[in-house]
Structure formats: C-alpha cells, structure tokens
Amino acid sequence: MGITIKDVAAKAGLSVSTVSKVFNNYGDISPETKSLVMEVAQSIGYYPNATARALKTNRSYNLGFLFDENASSGITHPFFAEVINAFKSECESRGYDMTFINRNVGSTQMSYLNHCRYRNVDGVCLAGVDFFSQETHDLIYSDVPSVSIDHVFETRPSVVSENTKGIQDLTEFGIRRGHTRIAYIHGENTSSVTKHRITGFYRTMVAHSLPVPQEYVLEGKYLDSRKCRELVISLLSLPVPPTYILLPDDVSYLGAIEAASKSGLVIGETISFAGYDGTPMIQHLKPRLTTIRQNTSEMGKKAADRLIDIIEQPNTAGSEITFVPGTLLEGKTVAVLNC
C-alpha cells in the first residue's frame, strides 16, 4: 500500500483534516504548519493526488500563461522570460502548476478561450498578446479568471510597469545634463506600453518648455536593432540633429552603436542614447547603456498572487491596477553638455 495522507499526519503530529487543509490551500492554516506538512510530505515521498484534489475542490490547480508566440514574446524574450519564470515560481510555491496557452494543441488550432477550457485552467495570465483582438476579448470577458501584465482592462486586475514615469525619468536625466534636442524612437504604437511612454515623453518636454519637432519622434519596433539603426541614421542626418536619443528598448542599442559609428560620432561624448528594460546582457556592452531596469520578477510574482487570490477568494476580484516601479541605471551613454 502506498503512502497516504494519514502517514503524513502521523509523522507531523497533526490531524488528517489539518494536513488536508494544507494540501488544499485553506487560508486558516499558519505558515509554520504549512511548512512542516510540506517538509514531512517530501521526506516520506508523499504527493497529493491531483485528480482527487480537483474533484474535492472543483479546481485543477493549473494556471494558464498566454503570450503571443508569433511575436517571440515568451521564454526567449529578455523581458517576458523573467516575468514567466517569476510567475511560474510563485505558482509552484502556492501549489499550482503552469501551462502555456496558445492557438495550437498538436495539429489542432483553437481559440485562446477554448484552449483554456481544454486545459481546464483555473485562471490565466495574459502578457505580450494583441490585447485589442476579438479573440483576446472573448477570453477576458469570459468566466475564466484572468490578470493582465502591462495592459489595463476595465473589469480585470492588471500588473503594470510604471512606463510613463520610466520614460519621464530618462527624459529628465538628459535634460539635467544639458540636452534640449531630444528625440524618441518608440516601439509599435499599438500597445498601451508605447502609448504611456510617448505620453510621458511629451509631458516632460512640455514641462520644461522644450520643443519636439515632428521628425524627432519616430515609430520603430521593439527588439529590432536593424530598424533602430536605420532610424538613428535618419535622425543624425537631419539639418539640426538631436543630441540625445531615447531608444525603444535595450536591444535596440546594438543598432544605435552601428549608426553612431557610421556617422563618426562617439557615444557618451558627441551623441547620447538611453534604452529601456535593463537587459543584463546589454549592460555588458561598452559604453554601458543608461536605461530603466524593469522589475520583471516582481511583476511576475504579483500577477501570480493576484490571479490565485481571485481564484481562491472570488469575492475579492476587482479591476485594480498594481503598479511596479522601475529603476534608472546610470550608464556612460549620456554626455554632459556645456549649458
């Protein structure tokens, strides 16, 4: 006969009902008791039966994570990779598994909502998808609990990086160093992230009574260094070029380096750049990039916690926004101009 929950209770010196509450994530059990039960269960090789638990609680203890694989937004993405890892770790610490949601199950195509139902997830986190598509809206406005990252829906909770403040901080950083001709190459203008950053840029420039020529604000693409190279070259070819260029992300800095070299300029001296994200790999480039480091681990953790909370306590569900601040990393790419 295999190891049972009674064996765990006997070894831990607790009642079977208390141990059962631990495995079913009841809220009236102390952290110390939970830790003891889990340690004992692991030491004697006991694992709760997922099927039995699902029948008892009417939950699968499986959460979906939805991202747009066609846009390479996921496990290889420098931003979302860390978000996903933190989300998964927090799920597991609270007794849940994570399943990726997309349009394909083997050779069969299905909608996001149908995939969630097929996998029987208790809830789903959405990140890096087309938030304006009908397919996404069908999922958001269904009965599947959900939380979104970096996009706000009126009826669902969301976890959002402080994008407006982040770009304001980068713009202010350049202004304090004497820059008045500041350009902004932003990402695709179809995302709320981009819209908030553009707003932050213009607000800061207006607050300092600095002009923004139309040709100084260009739409690029996230994570596309080649596109960034072309746009930086076009900015540097203007009759009155900018002295400080904000880039859509850190990866774009690779293109900016090429453009500066082609134009015979020295980064941090005769041309200045700032990125966004705080990608560790890019921080090893010289000169070191000034950027905003997003707290991706905190975003993933908070998204998991909020989703599990509304699954376990449906009456707490709401549409509140959880803002996660970033941190300005001062590199060597922004020159100090003579004022």
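**Strands, helices and rings**

Modeller: Tyr 244 stands opposite Ser 272 in S11. Keep in mind that this is a predicted model.

Biologist: Okay, and what makes strand S10 and S11 a pair?

Modeller: Two strands need at least two bridges between them to pair. Strand S10 (residues 244-246) and S11 share three bridges, in the parallel sense, so they qualify as paired.

Biologist: Why do S9 and S11 count as edge strands?

Modeller: The open sheet has four strands in the order S9-S8-S10-S11, with parallel pairing. Strand S9 (217-219) and strand S11 (272-274) each have a single partner strand, so one side of each lacks a neighbour in the sheet. On average, neighbouring strands in this sheet are turned by 20° against each other, ignoring direction.

Biologist: What lies across the sheet's strands S8, S9 and S10?

Modeller: That's helix H9 (residues 192-207), which runs at about 175° to S8 (182-186).

Biologist: Now the rings. Why is the pair of Tyr 61 and Tyr 96 called tilted?

Modeller: Their centres are 5.0 Å apart, with 45° between the planes. Pairing asks for centres within 6.5 Å, stacked means under 30 degrees and edge-to-face over 60, so 45° ends up as tilted.

Biologist: And what does that pair tie together?

Modeller: Tyr 61 sits in the loop between helix H4 (50-57) and strand S1 (62-66), and Tyr 96 in the loop between helix H5 (80-93) and strand S2 (97-101), so the pair joins parts 35 residues apart in sequence.

Biologist: How do you know whether Tyr 61 is buried or exposed?

Modeller: The relative accessible area of Tyr 61 is 1%, and buried means under 20%, so Tyr 61 is buried. Tyr 96, at 1%, counts as buried too.

Biologist: What makes Phe 201 and Tyr 202 an edge-to-face pair?

Modeller: The planes stand at 65° with centres 5.6 Å apart, so the pair is edge-to-face, given a cut-off of over 60 degrees. Phe 201 is buried at 0%, whereas Tyr 202, at 34%, is partly exposed.

Terms used. Residues numbered from 1 in each chain as written. Predicted model: local features only at pLDDT ≥ 70, side-chain atom pairs only at ≥ 80, totals over all residues. Heavy atoms only, no water. Helix = DSSP H or I, 4+ residues; strand = E, 2+ residues; numbered from the N terminus. Axes fitted to C-alpha atoms, helices over the stretch in contact; angles between N-to-C directions. Contact = heavy atoms within 4.5 Å. Phe/Tyr/Trp six-rings, centres within 6.5 Å; stacked < 30°, edge-to-face > 60°. Buried < 20%, exposed > 50% of the residue type's maximum accessible area, 1.4 Å probe, protein only.
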